[in-house]
Amino acid sequence: MRWSRSFIPTLKESPAEAEILSHKLLLRAGVVRRLTGGLYTFLPLGLRVLRKIEGIIREEISSVGGLEVLMPALQPSEIWHQSGRYETASGVLYKARDRSNKEWVLSPTAEEVITTLAAGEISSYRQMPLNFFQVSVKFRDEIRPRFGLMRAKEFIMKDAYSFDCSDEAATISYRKMFAAYQRIFNRCGLINFPVEADTGVIGGSHSHEFMVPAETGENDVVYCDSGQYAANIEKATSAGPLEPASKSETGDAPEKFYTPGVTSIEGLRAAPFNVSGSQQIKTLIFMVKPSVADATKAVVVLLRGDDQLNEAKFAGLVGSTVFRPATGDEIFSMLNAHPGSLGAVTSTLSTSSLTLTVLADEALRGARGMTTGANEDGFHLRHVNMDRDVLVTCWGDLRTVKAGELCVSTGKPLKIQRAIEVGHVFKLGTKYSEKFNARFLDAEGKSQLCVMGCYGIGVTRTLQAIIEQSNDKDGIIWPLAVAPYAVCITPLSVVPGSAVMQTAERLYTELTAAGVEVMLDDRDDRPGVKFKDADLVGFPIRLGIGEKSLAKGEVELKPRGGVLQAVKVEDAVKQVLAVIAAKTLSE
């Protein structure tokens with residue numbers, strides 16, 4: 001390809017819309033252009049990278065038995081009602097109506113469609129295992145699209161779905177896909193690691209996310225230096241707070257005391273009360289809708305004052321992702337007090353005719369001498385013992401892990417790192433098979449539910465994650481496997497028939513014949529501009545050809561981010577191929 005015949009609109013300055021480095025480089029290097037918030041057009045270079053990532057994905061998923069299909073992006077809303085996700089995933093669904101006023105959903109994912117297909121086509125255990133995958137456009141109504149391709153309204157995703165006749169067989173499929181994901185991200189040149197993850201609205205028994213370390217990532221990953229433990233912050237557990245709540249014996253009954261104007265944990269920490277966060281009970285109230293058919297109910301959540309609620313863990317414990325904090329008016333109607341004075345001491349709940357579900361975090365189990373709200377504005381209770389004074393409906397891990405807490409597996413301190421999620425694998429079990437009656441006859445002729453797995457890769461997000469991780473002050477550094485072109489030949493003079501241009505044309509022809517993808521920068525522009533553009537775009541290898549070097553029988557070979565070296569013209573192709581071979585091995 002010749003630069004003059006391509007379309008690579010590089011920018012000297014970063015557009016104001018770009019918030020993080022990779023987003024800036026996407027725009028400056030002419031990879032994409034923004035249409036509006038969350039919508040981007042891929043330009044020629046960006047599309048080449050995208051297709052290479054997709055090619056790697058197709059190769060690896062096919063190698064473990066994946067069968068490529070293409071499912072509709074426009075889906076009937078009935079199947080979303082059938083799965084129950086019309087409501088639980090309503091926050092991200094794009095909905096449309098046709099001329100007959102029939103409602104449709106624009107696909108954010110395809111569990112409903114693929115399970116409908118399986119229910120109609122799979123009838124015998126002999127047909128399994130099956131693994132269908134697609135690479136297609138998805139749509140999600142993001143509240144705040146940001147960071148370019150990282151959080152967009154329209155994006156490209158690889159989604160795959162496995163069907164097996166037993167839990168054991170499904171585990172084998174899961175492990176094969178897990179290994180394929182590791183190969184995919186390694187081939188894309190990404191430093192990545194899998195972590196235990198919450199299953200979220202997808203559901204299932206367990207899952208792993210594939211994370212790319214990046215300070216601008218939107219996920220927090222909790223890990224142990226030993227390498228034996230890593231989990232998303234939504235899933236992570238620890239041995240508990242470093243400062244345990246007091247469990248010393250106290251015979252005192254709860255005592256109400258005056259706390260005028262104190263409505264926060266910090267307020268009780270301050271003089272004259274001086275109650276540490278570890279000795280306070282934080283009381284939160286949520287309105288939860290367990291299922292589409294169920295009425296909304298109030299749930300009380302108790303945590304230590306110095307802990308934060310992990311909403312993913314809360315969703316898992318209540319069995320629903322449809323919940324919200326109760327309003328001040330709702331709380332007052334239940335407890336006759338406003339937020340900041342709330343508590344779950346049984347005696348203070350007697351004024352409420354409502355039966356409340358009380359969930360308590362394990363860090364509070366056995367805690368004594370605690371302080372909490374009295375359910376009376378301006379008052380709190382001290383000398384509260386959890387096992388004596390609070391009737392807990394259910395105990396569970398509800399808190400967010402903190403850095404420095406000890407790993408349950410190793411006893412070593414945990415660390416927290418920001419990261420970008422690029423892939424997610426789920427062991428779904430029979431959740432969707434039950435909803436869509438996806439059954440088969442086993443070897444004994446008995447009807448059984450298909451056991452499913454679900455596997456996603458954010459293809460467009462992976463592209464930006466590569467840029468976020470692989471760059472320098474001059475621009476992108478594309479790994480060879482996904483680079484739009486492997487080599488950029490940069491003649492400093494483009495006068496037709498000149499020795500410089502003749503050499504450039506010959507090397508271009510020879511490298512192309514050797515199977516190398518080459519960009520010939522034939523623009524009549526200053527050398528500095530051409531060199532800067534080549535570095536900004538991120539070509540892995542640059543061959544510079546100038547009159548002075550050519551007079552010595554040499555050209556200049558420079559790997560992106562590497563050291564400039566002079567090579568003989570007659571050895572240039574061989575040297576480029578050697579660098580490509582070395583990069584291929586190292587990546």
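This note reviews strand pairing, helix packing and domain division in a predicted model.

1. Basis of the values. The model is predicted: local features need pLDDT of at least 70 and side-chain atom pairs count only at pLDDT 80 or more, whereas totals for chains, interfaces and linings use all residues. Residues are numbered from 1 along each chain as its sequence is written, and side-chain values use heavy atoms, with hydrogens and water left out.

2. Domains. Three domains divide the chain: domain 1 (13-237 + 415-468), domain 2 (255-396) and domain 3 (485-586). Their bounds come from an automatic or database domain assignment. Taken over C-alpha atoms, the centres of domain 2 and domain 3 are separated by 67 Å.

3. Helices α2 and α6. Helices (H or I, at least four residues) and strands (E, at least two) are DSSP runs, numbered from the N terminus. Helix α2 (residues 44-63) packs against helix α6 (residues 167-187) at an angle of about 155°, and their axes are 9 Å apart. Axes here are lines fitted to C-alpha atoms, for helices over the stretch in contact, and angles run from 0 to 180 degrees between N-to-C directions. The pair is therefore roughly antiparallel; angles under 35 degrees count as roughly parallel, over 145 as roughly antiparallel, 65 to 115 as roughly perpendicular and the rest as oblique. The crossing of α2 past α6 is right-handed; a crossing is right-handed if the near helix is turned clockwise from the far one by less than a right angle, and left-handed if anticlockwise.

4. Contact of α2 with α6. On the α2 side the residues are I56, I57, E59, E60, I61 and S63, which meet M177, A180, Y181, R183, I184 and R187 in α6. Contact means heavy atoms within 4.5 Å. By class, this contact of α2 with α6 has seven nonpolar, one polar and four charged residues. In this scheme Ala, Val, Leu, Ile, Met, Phe, Trp, Tyr, Cys and Pro count as nonpolar, Asp, Glu, Lys and Arg as charged, and the others, Gly among them, as polar.

5. Helices α2 and α12. Helix α12 (residues 459-469) also packs with α2, at an angle of about 110° and with the axes 10 Å apart. The two helices α2 and α12 are therefore roughly perpendicular, and α2 passes α12 in a right-handed crossing. G46, V49, L50, I53, E54 and I57 of α2 make the contact with V459, T460, T462, L463 and I466 of α12. The classes in this contact of α2 with α12 are seven nonpolar, three polar and one charged residues.

6. Three-stranded sheet. Strands β4, β6 and β5 form an open sheet in the order β4-β6-β5, with antiparallel pairing; two strands pair if DSSP finds at least two bridges between them. The edge strands β4 (74-76) and β5 (94-97) each pair on one side only. On average, and with direction ignored, neighbouring strands of this sheet are turned by 40° against each other. β5 is joined to β6 (residues 103-106) by four bridges, and these strands run antiparallel. Within β6, W104 stands opposite A96.

7. Strand β11 and its partners. Six bridges link β11 (residues 219-224) with β21 (residues 414-429) in an antiparallel arrangement, and R418 in β21 is the bridge partner of D220. Three bridges join β11 to β12 (residues 230-232), also antiparallel, with V221 opposite N232 in β12. β11 and β12 form a hairpin with five residues between them, and G227 in the turn has a positive phi of about 80°.

8. Five-stranded sheet. This open sheet has the order β28-β27-β29-β30-β31 and mixed pairing. Its edge strands are β28 (518-520) and β31, each pairing on one side only, and the twist from one strand to the next averages 25°. Helix α13 (residues 499-513) lies across β27 (487-491), β28, β29 (541-545) and β30, running at about 165° to β27. Helix α14 (residues 527-537) lies across β27 and β29, at about 175° to β27.

9. Hairpin of β30 and β31. Four bridges pair β30 (residues 554-559) with β31 (residues 565-568) in the antiparallel sense, and the bridge partner of E556 is A566 in β31. Five residues lie between the two strands of this hairpin, and G561 in the turn has a positive phi of about 80°.
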